[in-house]
Amino acid sequence: MGEIYKINSIDWRPSPVVALATSVDGLRVAAARQDGSLELWLVSPGSIGWHCQLTIHGDPTTRVSSLLWCPGGSNGMPCGRLFSSNIDGSVSKWDLFHLKQTTVLDSDGVSIWQMAVTFPKVDLVNNVPNGDVMGNGYASKIQESDEQESSDSDEDNDSPDAGKQSVLESPRVAIGYDDGSVRIYAISDEDEFLYVKSLPRVKGRVLSVTWSTDANYIYSGSSDGLIRCWDATSSREIYRITAGLGGLGGGHELCIWSLLSLRSGTLVSADSSGSVQFWDSKHGTLLQAHSLHKGDVNALAASPSHDRVFSAGSDGQVILYKLSSQSASSDSVNPLVMTKKWIYVHYVRSHTHDVKALTVAVPISQEADSLPEERNKRRRLEGKPVDLNYHKWSQFGVPMLISAGDDTKLFAYPVKEFTKFSPHDICPAPQRTPVQLVLNTAFNQSSMLLVQSRQWLDVHLLHLGNVRTAGCFTKTEILARVKTKESRKIACSTIANSGEHFAYSDNARPSLFELKRSEVGKITWSVSRKKLPSRLPFAHSMIFTHESSWLILAGHDRRIYVVDVSTSELVHAFTPCRELDDEKLPPKEPPITRLFTSSDRQWLAAVNCFGDIYVFNLETLRQHWFISRLDGASVTAGGFPPQNNNVMIVTTSSNQVYAFDVEAKQLGEWSMRNTYVLPRRFQEFPGEVIGLSFPPSSTSSSVVIYSSRAMCLIDFGLPVEQDESDMLNAQESLTRNLQQNFTNVKKRTKYRRNFDVFSLDNPVLFLAHVSKNSFFMVEKPWLEVVKRLEAPPVHKHIFGT
């Protein structure tokens, strides 16, 4: 392996996370960002397997204030329906099947701060827990693992019957408004918000709201420092609490940012003085107060057993409180009395900025979706269980706490092992800047780079020769920049291998551009817009064919469009389907979010947001094959090696690699032998796989798979060796001594093991082969990203503080 070409000048500015919420089934977490986008993350036990399943590019002018999940609806998805309240006073539904945001409750000009829902708790047909009261972005009853710490055996009660209550007729939502009102809505199966009633308006803004676990009461917290308890049936105020009396703040100067109702009858409040207070919800009396935060406490969450409470705030801390039994002497008749108190246990500061949201989720095994013979084979071949760094909490069914905020990152913590393990960085490269490299273009065989930002595209000329800047970084020259309107956001983009055309799609329509170079006098570059077929929908993904003649777009209408670049005519429109005879029927499949083609322009592979693969023959313009979700996992990367266009390589979120024989419509010989016996060092591959690269050589049989934290070299021509040790080269730093590592690897090529893994110091946004033995890498030190974030480090004031 020879040269390593690197740049770190790419403009990468991820957006802060403003809200989190766990799905009804407890397996997914929705994260809303300040730029209007929403991510859906698949929850995984331990530190391996976290995956951003889909991203919805919502309205960039609308800011989300809270998220909630609700069961039911016409789709009947196990995860439920996802809604958001917005600062402009509207409520949106996030359609996970069509990847779009729609307004279900129009704004009346009054901002919404928070909403909470109460819904049916038990599926009476199957007698399965279906959720509980949800508010403040967490599910307050999700079945927890049977395994318990010995010291907590008398406290944890996570059985399905814990807290079981009567079934409610329909989901009801309490919404806290800026004008001091709380309005109650019912959610129909058609996703309509049906107005029920309003609670009496109060002074100040209603900043937080939650239901009691029996849904008989509503608690609201205001900017006047008061917590009010309302009868949900009569709308009568039962009592009010002056929160400042138990904390550091004083009365009307206090903002109640979050409320949490527990099954034990305890109400927890978080406020702008840095105090977390525990109240007797029956009488409104103070039980305990903790003032450990050095700024606003923005979020609260509880373990499924409701014996642990977590708080997070503007000081970057996440703090654990635990319900503890203590004995106290009384009198000669009753010498010992057992009392329960909420005690401070531990804090973690993993965030550099304000923590805005907390939620708790419970991962489960996806093996139930596998074929029985595959599961048995895997058990026989795996041998010893994988010894992960997070082995004690890397178990299916163990609850996980997730935090997020202004530093744009998401961190995961084991709820029961919070004090024993460091938090896991779920996304080391949040909102990674999309980058595409093209080599040997029509412009004197030069190399070009397409960089996608939120509202513009940049085309760079790469100097891959000996022109280097200080620190051995490659020089780039920007050739062109095209912008979209301020009210729009670019969702996807692509550049042709010739470099002469590039395209993007925002949330309105796709656009195609032609790049030209003039050599008369001083060399100049110009960009012109090219016409596309009329009524072409905006796209979730797009790609040029290898010879640059066709532009392929995955439309939001769930069709795939093929456009001739030279004539701007529509060549064909594919309708992805599971049964090949259904091609002429209306689209029924989920939207396509990934596309890749073979270099001979015969095959097109399209992947939907849930992991299904559709293979099309571009010569016959027919669908060739449908591949159902692989082992219940999502596809993270894929491609056709240039050495064999009938082979398709795919990686999944479960850290598996598949090689398909496309022509024969079956798993390739390599996968039949090795897919279920991959080395442990690859099963423990750090970070989510974000891409793969094939060397441009007709004799090579290798591929590089990479995440933002590591890269793995796989040679399909070498045997797959098992190992009993930890991940190879886990302590090595590729970027610290990159050239030396590759030199050593080159010297011992015939001795190296297959599936070698190299860790990376800085987050990597993109990696690709330049030649058989050379790479191009886009990286960015995280500290440089942090310095450019819009929000200042720890302790950013929110309104009212």
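The model is predicted, so local features need pLDDT of at least 70 and side-chain atom pairs count only at pLDDT 80 or more, while totals for chains, interfaces and linings use all residues. Residues are numbered from 1 along each chain as its sequence is written, and side-chain values use heavy atoms, with hydrogens and water left out.

**First stop: Ser-446**

Select Ser-446, which lies in the loop between strand S34 (435-438) and strand S35 (447-452). Strands here are DSSP runs of E with at least two residues, numbered from the N terminus. Next, display the residues that Ser-446 touches: leaving aside those up to four places away in sequence, they are Val-438, Leu-439, Asn-440, Thr-441 and Leu-461. Contact means heavy atoms within 4.5 Å.

**Second stop: strand S4**

Select residues 37-42, which form strand S4. Because 6 of the 6 residues of S4 are buried, this strand is largely enclosed by the rest of the structure. Show the side chains: Ser-37, Glu-39 and Trp-41 point one way, and Leu-38, Leu-40 and Leu-42 point the other way.

Two strands count as paired if DSSP finds at least two bridges between them. Arg-28 has Leu-42 in S4 as its bridge partner. The hairpin of S3 and S4 has 3 residues between the strands, and Gly-36 takes a positive phi near 95° there.

Continue to strand S5 (residues 51-57), which runs antiparallel to S4 and is joined to it by 6 bridges. Leu-40 stands opposite Leu-54 in S5.

Finally, select the open sheet of 4 strands, whose order is S18-S19-S20-S21 and whose pairing is antiparallel. Strand S18 (206-211) and strand S21 (237-242) stand at the edges with a single partner strand each, so one side of each is left without a neighbour in the sheet. From one strand to the next, the twist averages 20°; axes are lines fitted to C-alpha atoms, and angles run from 0 to 180 degrees between N-to-C directions.

Within this sheet, strand S19 (residues 217-222) and strand S20 (residues 226-231) run antiparallel and are joined by 5 bridges. To end the tour, select Tyr-219 together with Cys-229, its bridge partner in S20.

Terms used
Buried < 20%, exposed > 50% of the residue type's maximum accessible area, 1.4 Å probe, protein only.
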